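Here is a short report on one protein model.

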Amino acid sequence: MQRTLRPKRFNQLWPFYLLAAPGMLYFVIFHYIPMSGLVLAFKEYSPFKGIINSPWVGLDNFRQFFGTSDFYILLKNTLLISLLNLVIYFPFTIILSLLLNELRLKVFKRVSQTIVYLPHFLSWVVIYGITISFFGPSGVINHYLTEWFGGSANFLVSNEWFRPLVIFQSIWKDAGWGTIIFLAALAGINPEQYEAAKVDGANRFQNIWHITLPGIKSTIVILLLLRLGSSMDSNFMQIFLMTNSLNLDVSNVFDLFVYHIGLEQFNYSFAITVGMFKSVASLILVLGANYAAKLLGEEGIF
């Protein structure tokens, strides 16, 4: 019976399979096939010898990577930026979603959503140009600092200001876009719960705390797990544009290191070693966080 039903079911669902095919091909071509290149992490790759004829070095690349002082600097810088994004950027998107959800005037709500979505479509080059206009040596902020206090600040070349500026850029550019999933989850909350709470005399803050946040708790947990999975990743273009020789002590992250080692110094094997370490570490973080979420009674991502 099952054998006769499967072709019939496929005939009914083939438009959906066809719709999913481009996305599946994208992941196969650009994510799964390139995994074969991970073998270079265990070789001393030479473009003249090719992948097959390049000599095996075993774990030497990993020993060299973990044995350098750069490893601890890269790890610290990468994790600090990810931690700040997790502590500041992620809650900000939730708060912004709650604020947008509380807007009752539909026209104003749509206009507000459009305004906070727009920066997402600007490239990081444009964002960096705006940052220079405001925080550069002759920018707006330094203009008023000089006029009011008689001095200026070196925002773009300062180690102390690098991370705050990166987080500020991320919030301004992507916080609005990050509210889309939360707003979709908020739309799924039964409005009768708010009506019952109103009858009981609950105010807006009590509604948010006792109805809204519990209603999107599973969404928050899933997105938090996904963000933990990208803790070892940094927004390369953003970091690349904001980095200079004076703030390299705090801006040098794994992605930037891979760029310099792989594309500037042509040490492909060492660059792939770093990338492989990032992937394994991210996988461990996701598995650990998913396991912890299930222990706490929440739904994981698998």
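## Basis

The model is predicted: local features need pLDDT of at least 70, side-chain atom pairs count only at pLDDT 80 or more, and totals for chains, interfaces and linings use all residues. Residues are numbered from 1 along each chain as its sequence is written, and side-chain values use heavy atoms, without hydrogens and water.

## Exposed helix residue

F30 sits in helix α1 (residues 2-32). Helices are DSSP runs of H or I, at least four residues, numbered from the N terminus. F30 counts as exposed because its relative accessibility is 55%. Exposed means over 50% relative accessible area, buried under 20%, partly exposed in between (1.4 Å probe, protein chains only).

## Nonpolar core

The largest nonpolar core has 21 residues. Such a core is a set of buried Ala, Val, Leu, Ile, Met, Phe, Trp, Tyr and Cys residues joined through side-chain atoms within 4.5 Å. F90, I94, F182, L186, I216 and I220 have the most contacts inside it. Helices α4 (69-102), α8 (159-187), α10 (204-215) and α11 (217-229) each supply at least two of its residues. The largest share, 7 residues, comes from α8.

I220 touches F90, I94 and F182, not counting residues up to four places away in sequence. Contact means heavy atoms within 4.5 Å.

## Helix α3

In α3 (residues 60-67), the buried residues are N61, F62 and F65. They line one face of the helix, because they fall within an arc of 95° seen down its axis. The arc is that of the directions from the helix axis to the C-beta atoms.

Their cover includes α4, α14 (254-264) and α15 (268-295). Exposed R63 and G67 lie on the face turned away from the buried side.
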